[in-house]
Amino acid sequence: MTEEAGTTVQEQPDEKVTDGFELPGVPDAFQRLWTPHRMAYVKGGQHQFEDRDACPFCAAPGRPDEDSLIVHRGVHNYVVLNLYPYNPGHLLVCPYRHVPDYTDINPEETLEFGELTQTAMRVLRKVANPAGFNLGMNQGTAGGAGVAAHLHQHVVPRWGGDGNFFPIIAHTKAITQTLAEVREQVAEAWPAG
C-alpha cells in the first residue's frame, strides 16, 4: 500500500496487472465490447486482402444489393454501407477495380467517385438530417486503412452530440438503426440515374 494525496492505493502483484501478452500495466476502467466478427480483418492482417479473390470490396458487387449492403451501383464505382459504422448511414464509395490508391483511378472513375460522394451526402441529408459529415480515405496500412488493398472513401454523417459520453465513459457506441433499415432508406432515396 502507498499513500497518494491522502488516499490509500492498493498495489497489486505483477501477475494481476500483466495481460496475456505479458505486458505490464494497470487494470483500466474500460469494459470490453467483444466483436469477434472483426477477426476476419485482424487474423490475416492486411495481406489477406491483396488479391481480388479475398477482397470484400471486390466480392460485394457479385452478391445481391441487400446481402452486400450496396445502396447504389454506378458505372465505375458503387456505394455500400460500412459493415462497422461509426454512425448510422456511414457509407463507403468504392471503385469496382481492385486498386489501392487514389492516384490509381482514372479520370472517369475519379469523376464518378466525386459525384457519388456528393450524392451520398445529399441523400443522407434527406433521410437522416445530419448536421455535418466526415469524408476521408485512409491510404495504406500506415494511414489506417482497414482494407488497404482496395480504395474506398468514407462518408460519415455527424450530429451534434453523436460523440457523447458513451464511447468515452462506457466505451460503447450506440447505433440507432439496423444496417438493413439504413440500406433500405438510403437506397430508396437515391436518385434514379
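**Entry 1**

I began with Tyr-102, which counts as partly exposed at 35% relative accessibility. By the rule I applied, buried means under 20% relative accessible area, exposed means over 50%, and partly exposed lies in between, with a 1.4 Å probe and protein chains only.

I note that this is a predicted model, in which local features need pLDDT of at least 70 and side-chain atom pairs count only at pLDDT 80 or more, while totals for chains, interfaces and linings use all residues. Residues are numbered from 1 along each chain as its sequence is written, and side-chain values use heavy atoms, with hydrogens and water left out.

I then looked up aromatic pairs. Rings of Phe, Tyr and Trp (its six-membered ring) pair if their centres lie within 6.5 Å; planes under 30 degrees apart count as stacked, over 60 as edge-to-face, and the rest as tilted. The count by this rule is two aromatic pairs. One of them joins Tyr-102 and Phe-113, a tilted pair with 6.1 Å centre to centre and 50° between the planes. Tyr-102 lies in the loop between strand E5 (91-95) and helix H4 (107-128), and Phe-113 lies in helix H4, so the pair ties together parts that are 11 residues apart in sequence. Phe-113 is buried, with a relative accessible area of 2%.

**Entry 2: Thr-119**

I stayed with helix H4, where Thr-119 also lies. Thr-119 counts as buried at 16% relative accessibility. Leaving aside residues up to four places away in sequence, I found that Thr-119 touches Trp-190 and Pro-191; contact means heavy atoms within 4.5 Å.

**Entry 3: Strand E7**

I next asked which strands pair with E7. Pairing requires that DSSP finds at least two bridges between two strands. E5 and E7 pair in the antiparallel sense over three bridges, and strand E6 (residues 132-136) runs antiparallel to E7, joined by five bridges. His-154 in E7 stands opposite Leu-92 and also opposite Gly-136. Five of the six residues of strand E7 (residues 153-158) are buried, so E7 is largely enclosed by the rest of the structure.

**Entry 4: The whole chain**

The protein chain has six helices and seven strands, taken as DSSP runs numbered from the N terminus (helices H or I, at least four residues; strands E, at least two). Along the sequence I read the pattern β-β-α-α-α-β-β-β-α-β-β-α-α. Of its 193 residues, 32% count as buried. Among contacts between residues at least 6 apart in sequence, 58% join residues at least 24 apart.
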